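Good morning, colleagues. Please take a moment with the sequence and the model before I turn to its individual sites.

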Amino acid sequence: MALSHCATGELKQFVVDEGHGVKGVSELKLKTLPELFIQPVERRLDVSKVLPNELIPVIDLSNYEDPEVMKSICYAAEKWGFFQIVNHGLPLDIIDAIKDATHKFFGLSTKEKKKYLSQNTPSKNVRFLTSFNPDVDKAYEWKDHLSCFYVSDEEALQYWPTICKYQVLEYLKSSESVIKKVLEVLIKGLGIQELDETNQLFLMGSKRINLNYYPVCPNPELSIGASGHSDVSTLTVLLQDQIGGLYVKKLDSDKWVHVTPVKDSLTINIGDALQIMSNGRYKSVEHKVVANGHDNRISVPIFVNPRPSDVIGPLPEVINSVDNILYKHVLYSDYVKHFFRKSTNGKDTIDFAKK
Ligand SMILES: COc1cc(/C=C/C(=O)SCCNC(=O)CCNC(=O)[C@H](O)C(C)(C)COP(=O)(O)OP(=O)(O)OC[C@H]2O[C@@H](n3cnc4c(N)ncnc43)[C@H](O)[C@@H]2OP(=O)(O)O)ccc1O
Ligand SMILES: O=C(O)CCC(=O)C(=O)O
Ligand SMILES: [Fe+2]
């Protein structure tokens, strides 16, 4: 098919239904970006609003129980919603292995990858997807991803793609201690002394891991890799490569700050669930990813969540000390379904839980 001039309907079919993804379009080496991927100006990154000299906090996690380190983590969660951690203890060979496995998954043939399209997948917990929600997105994001919801090792080993399942499972397992360290500090900041069995289930009772692939884009300035959104997780542990392109909105401003890749670091961001549970004290901040014209970029977020069956709302320990309760109680799976059903639009998902 001569896709360079084809109608948007045919292109959607090529990208989504036939499973070629955005990577398939990138490999056509088109001179100009097809209309389907041209974003309205307000969804792109306005480079005049980027603060070039700002950095999000970089925190050394090796002494995470040191009161000064704890303070800096809670401060970053309140004022930035984002921070990078170094000396986190997650083995570098496991990190390298998942990066390599991500490239290998996206290097598979279309025939192999399309086995994981929503209509073909052997389990609804593993899906190969393009854009955010192609049924409703007016312009598509320049991104493909594999999304895996962890239920059990057995389920993952049976259904996740063989080319990456061992590396993804090992990475998930080794991230557990980093997640617990960060959560322990954050809940202490809220006056909860211990990450016990009950609050562990509530804060980190489910996990989703995405393998994101942003291929080289013909007109990156007209498109977006991931449009502005906040995550719906408790917190997200994000692994990115050295290419860059993730921008975070600075709180109470219309300015953007680049999350400059720091080698061997992980980025932590607060998600909507923790913003709600902390009654707005910790901030789930809008972020977006630009496309680029030179390199294929990958990133691997682990979304650490409540269980779908949990009802979330401001925690009792938090509302004891405040007059103004900002959020109501919502069933977490309703919240996530609401998020997935619409296009991303900045911070609007959280309106679903506003009082
Ligand atoms: C996609 O690009 C993105 C993604 C993001 C993501 C940011 C996050 O924070 S993701 C964290 C999400 N949290 C969880 O997954 C944990 C809780 N999980 C649940 O509550 C449930 O597992 C469920 C997600 C609600 C799925 O419910 P279930 O009944 O088991 O499954 P379905 O009926 O198959 O799905 C319901 C509904 O959701 C859609 N959906 C399911 N999985 C995905 C997925 N991986 N990606 C997109 N949409 C998904 C599914 O199509 C169904 O939709 P309907 O309209 O048909 O109801 C940030 C930025 C990005 O660019
Ligand atoms: O690719 C990135 O750096 C961030 C991706 C992201 O925000 C997400 O998947 O929720
Ligand atoms: Fe995100």
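Let me begin with a question: where is the place of C6? C6 sits in the segment before α1 (8–17); helices here are DSSP runs of H or I with at least four residues, strands are runs of E with at least two, and both are numbered from the N terminus.

Some conventions come next. This is a predicted model, in which local features need pLDDT of at least 70 and side-chain atom pairs count only at pLDDT 80 or more, while totals for chains, interfaces and linings use all residues. Residues are numbered from 1 along each chain as its sequence is written, chains are lettered from A and ligands numbered from 1 in the order in which they are written, and side-chain values use heavy atoms, with hydrogens and water left out.

To return to C6: its relative accessible area is 17%, and it is therefore classed as buried, a term that means under 20% relative accessible area, with exposed meaning over 50% and partly exposed in between (1.4 Å probe, protein chains only).

K124 brings us to ligand 1. A polar side-chain atom of K124 lies 3.2 Å from an oxygen atom of this ligand, and a polar contact is a pair of N or O atoms within 3.5 Å; within protein, one must be able to donate a hydrogen and the other to accept it, and residues adjacent in sequence count only if both atoms are side-chain atoms. For R127 the corresponding distance to an oxygen atom of ligand 1 is 2.5 Å, and for an N or O atom in the side chain of K143 it is 2.8 Å. Taken alone, ligand 1 exposes 1100 Å², of which the protein buries 81%; accessible areas come from the Shrake-Rupley method with a 1.4 Å probe, and for residues only the protein chains shown count as cover.

Which elements give two or more residues to the shell around ligand 1? They are β3 (126–130), β4 (144–149), β5, β12 and α11 (332–341). The most comes from α11, with seven residues. There are 25 residues around ligand 1, and R127, K143, S147, R208 and R341 come nearest; a residue counts as near a molecule or strand if one of its heavy atoms lies within 4 Å of it.

S147 lies in strand β4. It is buried, at a relative accessible area of 6%, and its side chain makes a polar contact with the side chain of N210 at 2.7 Å.

I now move to the metal site. Which residues are the protein donors of the iron ion, ligand 3? They are H229 (NE2), D231 (OD) and H287 (NE2), lying 2.1 to 2.2 Å from the ion. Donors are N, O and S atoms within 2.8 Å of the metal (3.2 Å for Na, K and Ca); water is not among the atoms, so sites may look incomplete. Along the sequence, the donor residues are spaced H-x1-D-x55-H. D231, in the loop between β6 (226–229) and β7 (235–240), and H287, in strand β11 (residues 287–289), are 56 residues apart, and the pair links distant parts of the chain. D231 is buried, with a relative accessible area of 5%, and H287 is buried at 5% as well.

Strand β11 also belongs to an open sheet of four strands, in the order β6-β11-β8-β9 with antiparallel pairing. Its edge strands, β6 and β9 (256–258), each pair on one side only. Strand β8 (residues 246–249) pairs with β11 over three bridges; two strands pair if DSSP finds at least two bridges between them. Within this pairing, L246 has V289 in β11 as its bridge partner.

Polar side-chain atoms approach oxygen atoms of ligand 2 at 3.2 Å from N212, 2.6 Å from Y214 and 2.8 Å from R297. The protein covers 95% of the 300 Å² of accessible area that ligand 2 has on its own.
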